[in-house]
Amino acid sequence: MSECLEDSSVSPDIPFVAVGDEDMLRPNEVAEVAIEGDSILVCNSEGQYYAIQNLCTHDNAPLGLGRLIGWEIECSRHGAKFDVTSGEESSEWLLQPLVTFPLRIREGKIEVQYTKPEPPAFRLIGDRNQG
Ligand code: FES
């Protein structure tokens, strides 16, 4: 199972919040968890855990209804795909990336360092319907 995934995005001033047990997900499963009233998606990608915003940047569908295959989650509404390791969109629709959150495993618990993001602009950057 995943070891601590701390990296340079971890802030020492912001606490980690336990969101579940280390074994709560099998590979390629996801879980919607609430932190500070916001929905976060925890993904088990081939045994590595990642935390992302649970909202597609195309048209705000919950990504928890989508399908996780390896490191890519596919939105259930229109099929946009995102890399859960980076938040970057991988379907080449020119969408905003997802917000990702630092995650670690401590004492058998999955912990997420949650910072409420600025209200993301859920829009298509290269909107084909404009201009
Ligand atoms: S809302 Fe996710 S692809 Fe459209």
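Colleague: Why is β4 called largely enclosed by the rest of the structure?

Modeller: Five of the six residues of β4 are buried, so the strand is largely enclosed. Buried means 20 or more other C-beta atoms within 10 Å of a residue's own; exposed means 12 or fewer, partly exposed lies in between, and C-beta atoms are placed from the backbone. Strands here are DSSP runs (E, at least two residues), numbered from the N terminus. The model is predicted: local features need pLDDT of at least 70, side-chain atom pairs count only at pLDDT 80 or more, and totals for chains, interfaces and linings use all residues. Residues are numbered from 1 along each chain as its sequence is written.

Colleague: What makes E72 partly exposed?

Modeller: E72 has 17 other C-beta atoms within 10 Å. E72 sits in strand β6 (residues 72-74).

Colleague: How do you know that β4 and β8 pair?

Modeller: Pairing requires at least two bridges found by DSSP between the strands. β4 and β8 (residues 100-101) have two, in the antiparallel sense, so they pair. A51 stands opposite F101 in β8.

Colleague: What makes β3 and β4 a pair?

Modeller: Six bridges join them, antiparallel. I52 in β4 is the bridge partner of L41. In their hairpin, with two residues between the strands, E46 takes a positive phi near 55 degrees.

Colleague: Which residues does C43 contact beyond four places in sequence?

Modeller: V30, Y49, Y50, I52, L68, I73 and V84. Contact means C-beta atoms, placed from the backbone, within 7 Å.

Technical notes
Contact = placed C-beta atoms within 7 Å. Helix = DSSP H or I, 4+ residues; strand = E, 2+ residues; numbered from the N terminus.
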